[in-house]
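Hi,

Here is the structure I promised to pass on.

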Amino acid sequence: MTAEQVAQQLKEQDALIDSLWAEREEQEQRRRQAIQAGNNHVYEVGYSHSWMEYTSIANAEHAAKERLAEIDSELRQAYEEQRRLLEQCNTLAGLV
């Protein structure tokens, strides 16, 4: 692989990492909104008065948490790939 190819892959990896962070921030916002909606719902109508609606809110929060865990895993993989590409870049440049 040439230095130019590695550099292109690094750019693509950076773009992937940026998009994963943006999605992570969006999911975290959704999770916080679901928690707030659940808290507001319980406060306004009481826990037992609308179990179905509260369950729906809790499910939204759980789905956001699951996606956050997936994104964190994808970020770890992306950073590992980025590290590997940087090592390859250094090797091609004769720095290692």
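This is a predicted model: local features need pLDDT of at least 70, side-chain atom pairs count only at pLDDT 80 or more; totals for chains, interfaces and linings use all residues.

Among contacts in the protein chain with a separation of 6 or more, 79% are between residues 24 or more positions apart; contact here means heavy atoms within 4.5 Å. The chain has two helices and zero strands.

Residues are numbered from 1 along each chain as its sequence is written, and side-chain values use heavy atoms, with hydrogens and water left out.

On to burial. Of the 96 residues, 23% count as buried (under 20% relative accessible area; exposed is over 50% and partly exposed is in between, with a 1.4 Å probe and protein chains only). The chain exposes about 6,800 Å², and carbon and sulfur atoms supply 52% of that. Those areas come from the Shrake-Rupley method with a 1.4 Å probe, and for residues only the protein chains shown count as cover.

The largest nonpolar core is made of five residues, namely I17, L20, I71, L75 and A78. Helices α1 and α2 each supply at least two of its residues, and α2 gives the most, with three. As for the term, a nonpolar core is a set of buried Ala, Val, Leu, Ile, Met, Phe, Trp, Tyr and Cys residues joined through side-chain atoms within 4.5 Å.

Q82 has a relative accessible area of 16%, so it counts as buried. Its neighbours, again not counting residues up to four places away, are L10, Q13, D14 and I17. With D14 there is a side-chain to side-chain polar contact at 2.4 Å. The rule for a polar contact is a pair of N or O atoms within 3.5 Å; within protein, one must be able to donate a hydrogen and the other to accept it, and residues adjacent in sequence count only if both atoms are side-chain atoms.

Now the charged pairs. A salt bridge is a side-chain nitrogen of Lys or Arg within 4 Å of a carboxyl oxygen of Asp or Glu, and by this rule there are eleven. One of them pairs E23 with R67, their closest N and O atoms being 2.8 Å apart. E23 lies in helix α1 and R67 in helix α2, so this pair ties together parts that are 44 residues apart in sequence. R67 is buried at 18% relative accessible area, whereas E23 is partly exposed at 26%. Apart from neighbours within four places, E23 is in contact with R67 and I71, and its C-alpha atom is separated from that of L68 by 8.7 Å.

R67 also meets E74 in a salt bridge (3.1 Å, N to O); E74 is partly exposed at 30%. Then there is R83 with E87, at 2.6 Å between the closest N and O atoms. Both lie in α2, four residues apart, about one turn of the helix. Salt bridges that share partners join E23, R67, E70 and E74 into one network.

Cheers
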